[in-house]
Amino acid sequence: MLGFPDPIAAEAWPRRAASPVMGRKGMVAAAHPLVVASGLEVLRQGGNAVDAAVAAGLTAAVVMPEMCGLGGDLFAIVHGPDGPPVAILGSGNAPLGASLEDMRRAGVSTPSGIKMSLRGPLSVSVPGMVDAYDTLLSKLGTRSFAELADAAIGYAEEGYPLTALGAAMIAGSAADLARHKDSAAVFLPGGVVPTVGAVLRQPSLAQTMRRLASAGAADFYQGELARRIISALAQAGGAMTLQDFAGHQTEVTAPISTTYRGFSVMQTGLPSQGLILLEALNILENVASERLAKQDATAIHYMAEALKLAYADRLAFARDPNIGPTPIATLISKPWAAKRFAALDPSHAQEEVLAGGLSDGDTTYLCVVDGQGLMVSLIQSVSSAFGSGIVAGDTGVLLNNRVGRGFSLQDGHPNLYAPGRKTIHTLNCYMVADPQGIPILTGGTPGGDGQPQWNLQVLSGLIDGGLDVQAAVEAPRWTVWPGTDPHDLPNPYELRVETRLSEAVISDLEALGHRTHRTGSWGGSGAAQAIARNPATGVMVGGSDPRVEGLALGF
């Protein structure tokens with residue numbers, strides 16, 4: 001059964017951080033223990049997977065502010081055994097009041113040209129997360145926002161102890177947070193960087209969540225909360241208006257999908273870059289499964305080069321679907337993959353990767369599975385660590401920097417900044433169904449351009465290598481850099497590898513032409529989570545990435 005362990009595989013994996021967790025009535029996997037606890041409590045009280053995912057996500061918005069929050073975006077896939085899969089696409093537009101020339105004047109000069117300002121008031125897009133929660137609950141949930149926000153409100157009001165990672169993230173972003181008094185007041189109380197174990201309180205955020213519980217999500221986009229957020233952003237020099245907020249809508253659609261070795265792999269569509277994972281899987285299907293299962297230099301080389309090809313196609317063709325067409329059906333098709341595989345050099349790493357020729361015509365992830373087999377794959381983000389760095393006045397809402405992180409200022413680029421446009425960005429999450437169409441696995445990871453790469457590695461480990469979910473998420477990790485982030489381009493490729501890969505494998509990769517950079521034993525980044533379910537027995541098995549502080553728990 002995909003993702004489940006067996007004794008032989010376990011004995012062959014002597015350096016495992018943990019065994020996979022099993023349960024039958026419900027399971028949550030996330031990157032923070034309090035997030036898992038909030039979701040699991042809802043499942044125990046009879047809520048479904050969507051209810052639990054929203055409760056977990058709201059808690060994450062409080063206890064993981066460096067990663068996500070009410071001022072960020074959210075994407076999800078929901079699929080049960082008795083209905084079609086649904087994708088929730090919750091990202092917002094750039095401000096109508098800031099032109100391309102405005103952004104260029106506010107941009108950063110680099111040797112390769114002007115780039116978007118990464119932080120600050122002009123880096124913010126309309127937050128999509130609150131409306132996405134409301135959409136999830138109204139269409140697929142069984143509980144109210146007020147019920148599900150209770151734990152998060154408690155952590156915001158009474159405080160929660162900072163973990164080692166949480167304290168380190170605040171320390172690393174202290175200079176950005178100190179630039180804005182409302183941000184400093186929340187995260188640098190008394191002008192001091194809080195230490196591990198310090199109790200961090202966010203009473204203004206608690207009040208905002210209470211208001212959402214009573215007034216509804218519409219207040220965030222058209223009411224008093226919207227006016228207060230816009231006012232605070234305007235005082236900081238932003239261009240966002242009430243018109244921008246009032247026009248926001250979450251898109252509900254079918255996921256995009258392909259097949260890999262007989263399994264159906266579903267992904268979030270545009271403006272996420274889920275198409276990268278699907279295209280790369282299609283390319284790799286041209287390589288024998290047992291060849292990839294070896295996880296040696298040749299296997300890694302095939303995967304890395306396939307990802308380079310998929311990234312090149314994303315950069316060349318993907319755009320806001322409201323602005324112009326993206327040939328997704330072509331890019332995730334088998335014939336296109338065969339054509340792209342032919343462009344892959346099996347004997348040498350490519351330094352320059354061109355898009356295929358078409359003829360005319362920082363973030364947190366969680367997953368939940370309930371006892372009825374309903375699965376939720378959910379990712380939410382403020383983009384970079386602490387997003388724009390701006391807390392919106394007395395609302396306590398930390399605003400994203402998706403506009404600054406995602407758009408290009410280069411003429412002719414398909415992701416060129418324009419007022420009111422959505423940027424293509426890195427958020428994506430996946431789900432896997434068996435040949436009968438029954439969902440059997442849900443998973444994902446945060447990590448910017450690393451997301452499709454690490455998701456690919458986990459899926460190949462599961463499907464090609466026969467690993468269980470815990471073994472797959474903790475396997476030695478590697479990353480092709482750069483990917484699609486405009487702030488990383490252009491740069492020569494390098495392959496960032498964890499040193500749990502043997503020196504022999506790393507040397508073989510270098511002999512294939514890869515410019516390697518060693519990241520330490522567990523320094524490959526990411527926070528992968530995965531839950532598999534056997535539809536015949538209802539038994540679930542969960543894996544959680546030891547590179548962060550989360551876990552998987554079931555009952």
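Partly exposed refers to a relative accessible area between the buried limit, under 20%, and the exposed limit, over 50%. Glu503, at 45% relative accessibility, therefore counts as partly exposed. The model is predicted, and a search of the whole structure finds 24 salt bridges.

**Stop 1.** Glu503 belongs to helix H23 (residues 503-511) and Arg518 to strand E18 (residues 516-518), so the pair ties together parts that are 15 residues apart in sequence. Arg518 is partly exposed, its relative accessible area being 35%.

**Stop 2.** Select Arg477, Glu498, Arg500, Asp545 and Arg547. Salt bridges with shared partners connect these residues into one network.

**Stop 3.** Select Arg291 and Asp296. What is the N to O distance where the side chains of Asp296 and Arg291 meet? The value for this salt bridge is 2.3 Å. Arg291 has 21% relative accessibility and counts as partly exposed. Asp296 is also partly exposed, with a relative accessible area of 23%.

**Stop 4.** Select Lys181 and Asp182. Their side chains meet in a salt bridge at 3.4 Å, N to O. Is Lys181 buried or exposed? At 68% relative accessibility, Lys181 is exposed, because the cut-off for that class is over 50%. Asp182 has a relative accessible area of 26% and is partly exposed.

Technical notes
Residues numbered from 1 in each chain as written. Predicted model: local features only at pLDDT ≥ 70, side-chain atom pairs only at ≥ 80, totals over all residues. Heavy atoms only, no water. Salt bridge = Lys/Arg side-chain N within 4 Å of Asp/Glu carboxyl O. Buried < 20%, exposed > 50% of the residue type's maximum accessible area, 1.4 Å probe, protein only. Helix = DSSP H or I, 4+ residues; strand = E, 2+ residues; numbered from the N terminus.
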